[in-house]
Amino acid sequence: MSAARRPRTPQLVIGGLALAIALAPLLLGSFSVSLLNDIGIGSLVALGLVLLTGVGGATSFGQAAFVGIAAYATAWLTTTQGLSPWLGLLFALLLTGVSALLIGMLTLRLGGHFLPLSTIAWGLSIAMLFGNVEALGRHNGLSNVPALTLGSWSLADPRAIYYLIWVIVGLAFLFSHNLLRSRPGRAIRSLRGGATLLASVGADAYRVRLSLFVTAALFAAFAGWLYAHMNRFVSPSPFDVRASIEYLLMAVAGGLGQLVGALVGAAVVLMLKNGLQDVLPMLTKNAGQLEAVAFAALFILLLHFARGGLMGFVRRWAPGLLAPAVPDAAPSAVPPLPRRQLPTPGTPILSVQGAVKRFGGLVAVNEVSFDVNAGEIVGLIGPNGAGKSTMFNLLTCTAAMTAGRVQFLGRDITGLPQREVARLGLARTFQHVKLRPQMSLLDNVALGAHARTRAGLLKAGLGLDAAEERQIFQEAQRQLARIGLADRAFELAGSLPLGTQRILEIARALAADPVLLVLDEPAAGLRRKEKQALGELLRKLRDEGVTILIVEHDMDFVMKLVDRLVVMNFGAKLVEGAPAAVRADARVQAAYLGGTA
Amino acid sequence: MTWDVALILGIDGLANGAVYLLAGLGLVLIFSVTRVVFVPFGDIAAFAALTLAAFETGRVPPTIAMVGALAVVAVAVEVTSLSRRGEFARIPKAVLQWGALPAVPCLLAWLAAQPGVPAAVQVAVSVLLVVPLAPLLARIVFQPIADASVLVLLIVSLALHFLLSGLGLLFFGPEGSRTQPLATGTLMLGEGFPVSGQIILMVASAIVLSGLFFLVFERTVVGKALRATAVNRVGARLVGIRPARTALLAYGCASLLAGLIGVLIAPVTTMYYDSGFIIGLKAFVAAIIGGLVSYPMTALGALAVGVVESFASFWSGALKDVIVFSLLIPVLMLRSFLSAHAEEDEEEVDQ
């Protein structure tokens with residue numbers, strides 16, 4: 001498909017949607033405008049959940065509580081203190097942000113189910129607090145919240161506040177869209193790949209998740225502020241766990257995989273709710289209860305049969321509509337990212353001294369010492385169970401040592417977190433490939449440059465990181481070209497065969513501009529041709545000054561490639577030396593073939 | 001606060017703790033075997049209490065209709081899935097298992113609602129009647145998505161709670177009820193500290209049941225099958241344990257525990273259709289203290305929750321639940337400190 005004939009459908013759809021939203025109040029009755037206002041506010045909260053749950057893989061059953069904190073904050077400040085609602089916005093954002101930060105710091109380090117479970121508890125607690133604090137009007141809430149004003153223009157009328165709501169919704173979507181395509185966004189999209197993956201590119205999964213959690217809470221805070229000044233009244237019940245579930249239902253119904261899902265989901269859920277409120281009273285006198293039952297049943301059915309939500313169907317039927325844009329032409333050249341000073345060849349850069357690792361009674365690595373010098377390829381080999389992988393984890397600081405030291409570039413890195421070691425210039429690949437299958441090759445490699453660049457969440461969301469982004473993508477493209485995948489940059493990493501995925505991991509590691517590249521069984525699962533290509537690539541890298549430590553099973557591959565070998569057996573170092581010498585060594589032959597030494 | 005008050009509050013807390021202990025055991029049992037955080041646990045306890053209240057006022061408990069309706073849905077789900085796989089020969093057995101088996105307690109309950117049935121029988125039937133609830137819900141809601149992530153299961157579980165509490169309101173109405181004490185009389189503890197028979201019964205049941213629980217898990221093949229499934233589903237399947245069946249067993253046991261909790265607390269607390277949620281959540285606090293895996297730690301946690309709640313209600317009745325939930329803060333801090341290096345699982349919702 002030529003660049004000129006590329007369909008512009010996404011832009012058309014967004015433009016049409018914006019136009020429809022702008023014209024809606026002129027054409028619709030005031031009831032429909034109020035419904036659209038509710039949808040806008042709901043979609044803000046749901047957007048936060050799409051980011052948090054759909055992209056980041058964490059979830060919150062207390063999102064309505066954040067809406068509540070913001071709504072009560074601005075209601076309290078404007079009614080009892082008589083201050084401007086715009087100061088109320090600042091206060092609401094501040095209070096919600098700080099609450100989210102504290103709650104996040106407490107729960108986000110915990111894996112799996114602890115986070116969502118504790119969100120139920122604080123979601124309940126906060127709603128209960130609202131109902132029991134005298135200053136917040138207990139169960140009666142706070143009334144007479146002032147309407148917003150812009151200069152002398154009052155936004156008391158639903159048609160007036162409509163535009164403010166939808167401008168904020170539009171900006172929130174733009175912010176999220178920018179964010180996901182940026183440096184912090186790539187880290188967020190990699191969260192579900194696990195903390196080790198992020199640490200390997202020098203990012204801290206906990207901090208990434210915390211910033212995401214606070215962002216989602218701030219979206220909820222905007223919603224709460226708008227809610228308070230639109231309804232002019234706050235009370236505890238719209239902020240309880242039931243409301244949180246409804247927001248989550250919106251996000252799931254629309255589709256957690258797409259930002260637009262938040263808008264679609266909020267519209268579907270709120271319109272359905274309205275419809276049910278009209279229809280059910282005709283059928284039964286227990287309409288209220290039946291509505292709750294119907295919603296819960298609908299939610300369960302959704303999770304059974306359509307976890308992708310409505311946008312999941314759109315993605316299946318019209319994949320082109322949601323596919324990421326492929327740039328028409330190659331971007332113009334920009335100054336490259338600054339590079340590290342590589343050490344002079346021959347100087348020792350990595351030095352392992354007396355490494356010991358015990359798992360209970362088992363000694364997996366016992367008193368192993370060796371050096372790696374700049375500009376060489378060193379192989380770490382040994383039969384099954386020799387402790388190679390454990391050694392690998394120790395020297396990359398993925399696992400803690402029981403005893404011993406590791407020095408990297410003259411610095412003692414024993415006990416440092418893995419991400420710090422990665423930032424010093426030690427890049428690694430994984431034995432079980434850790435790529436993000438739903439991200440393009442280019443994005444996967446760009447993730448590798450995380451530690452070399454700076455743009456934060458706010459800068460990225462506001463779109464102020466364009467210059468740095470161009471540098472990152474130029475670098476990523478360069479690394480893709482280095483491994484021979486330049487022409488497939490926009491394909492999804494998940495579509496590659498395993499062997500190519502391993503090589504792509506090397507490109508990601510190279511994007512970090514490493515001093516030392518540590519490869520964990522890169523030849524496993526590769527065909528003969530692919531192995532040859534990998535060998536050539538590694539030799540080329542050595543010639544360019546990159547030092548390589550390779551943990552490998554495939555003797556033939558290693559023997560032809562490396563300058564020096566370290567052989568391990570039963571957790572201890574057996575021999576160290578040139579390939580030919582090692583091959584001739586009787587102890588090595590005995591270890592591999594089981595003969596008597 | 002004087003020592004007298006502290007002692008009274010302490011005894012009260014012990015009784016609360018006994019309830020949370022039983023609930024916590026049920027929650028940990030279900031979670032460890034199926035990875036489902038079973039939020040509707042408390043609802044089932046509330047339904048048992050309301051069933052007993054219906055018996056005492058001479059009404060036929062609406063729970064019969066609820067169990068019956070769920071059984072019909074379960075039969076439909078089972079028959080559909082069997083015919084989709086072409087296993088028509090197994091349909092009669094499935095109808096018996098999912099339709100006829102839950103009908104037995106329904107029939108008993110209908111008989112027990114006739115005038116002149118002794119109270120003890122009604123109590124037993126109330127417990128029996130809610131036992132099919134959790135397995136039926138599990139068959140309809142959780143079994144089709146047994147391999148989904150913990151997160152998806154949790155969302156479903158929470159939605160299921162709202163479904164059940166809506167149904168509870170439809171079936172039982174908004175009125176609260178309190179039942180006759182199961183044990184009368186008081187025990188004088190030292191000088192002038194009366195402890196009601198009901199509280200002694202609650203604490204004693206918790207001790208006896210958790211003892212039984214321990215024996216079943218340690219000494220019987222069934223208990224070992226449950227433990228094996230908890231440790232590794234695939235591994236359990238390889239040695240001939242069917243995870244779906246052990247899961248149902250776990251749900252059945254938990255449902256039984258929930259029923260017992262319901263009839264134990266109904267005489268001391270006014271129960272509404274939605275009172276179960278808070279009871280279940282407090283048991284979660286206990287279960288989280290036990291990391292959702294350890295039974296002894298859950299037991300300790302349950303006692304702590306019970307005592308904290310009883311003292312908190314002395315200081316501020318309105319905020320006692322907030323205070324209990326804030327117990328989570330130090331627990332989570334400790335857990336987060338201890339598990340700083342744990343690699344978390346991937347959680348994918350939309351795939």
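**From one bridge to the whole assembly**

Tutor: Let us start with a strand pair: R411(A), in β9(A), is the bridge partner of F408(A). This is a predicted model, in which local features need pLDDT of at least 70 and side-chain atom pairs count only at pLDDT 80 or more, while totals for chains, interfaces and linings use all residues. Residues are numbered from 1 along each chain as its sequence is written, and chains are lettered from A and ligands numbered from 1 in the order in which they are written.

Student: In what sense do β8 and β9 of chain A pair, and over how many bridges?

Tutor: Strand β8(A), residues 403–408, and β9(A) pair in the antiparallel sense over two bridges; strands are DSSP runs of E with at least two residues, helices are runs of H or I with at least four, and both are numbered from the N terminus. Two strands count as paired if DSSP finds at least two bridges between them.

Student: What is the strand order of the open sheet with β8 and β9 of chain A?

Tutor: The order is β6-β5-β8-β9 in chain A, an open sheet of four strands with antiparallel pairing. Its edge strands are β6(A) (362–373) and β9(A) (411–412), each of which pairs on one side only.

Student: Which helix packs on that sheet?

Tutor: Helix α15(A), residues 388–395, packs there and touches β5 (348–359), β6 and β8 of chain A, its direction making about 120° with that of β5(A). Contact here means that the C-beta atoms of two residues, placed from the backbone, lie within 7 Å, and the angles run from 0 to 180 degrees between N-to-C directions, with axes fitted as lines to C-alpha atoms, for helices over the stretch in contact.

Student: Now the other sheet: how many strands form the one with β10 and β14 of chain A?

Tutor: Six strands form that open sheet, in the order β10-β11-β12-β7-β13-β14 of chain A, with mixed pairing. Because β10(A) and β14(A) (572–577) stand at the edges with a single partner strand each, one side of each is left without a neighbour in the sheet. Neighbouring strands of this sheet are turned by 20° against each other on average, direction ignored.

Student: And in what sense do β11 and β12 of chain A pair?

Tutor: β11(A) (residues 516–520) and β12(A) (residues 547–551) pair in the parallel sense over five bridges, and V551(A) in β12(A) is the bridge partner of D520(A). Helix α24(A), residues 586–593, lies across β13 (564–569) and β14 of chain A and runs at about 130° to β14(A).

Student: Where is H432(A) placed?

Tutor: H432(A) is in the loop between β10 (426–428) and α17 (441–448) of chain A, and counts as exposed because it has 7 C-beta neighbours inside 10 Å.

Student: What domains does the assignment give for chain A?

Tutor: It gives domain 1 (9–322), domain 2 (343–425 + 514–597) and domain 3 (436–513), with bounds that come from an automatic or database domain assignment.

Student: Last topic: how many residues does each chain bring to the contact between chain A and chain B?

Tutor: Chain B brings 48 residues and chain A brings 47 residues. On the side of chain B that touches chain A, α7(B) gives the most, with 15 residues. That side divides into 34 nonpolar, five polar and nine charged residues, where Ala, Val, Leu, Ile, Met, Phe, Trp, Tyr, Cys and Pro count as nonpolar, Asp, Glu, Lys and Arg as charged, and the others, Gly among them, as polar.

Note on methods. A residue is buried if 20 or more other C-beta atoms lie within 10 Å of its own, exposed if 12 or fewer, and partly exposed in between; C-beta atoms are placed from the backbone.
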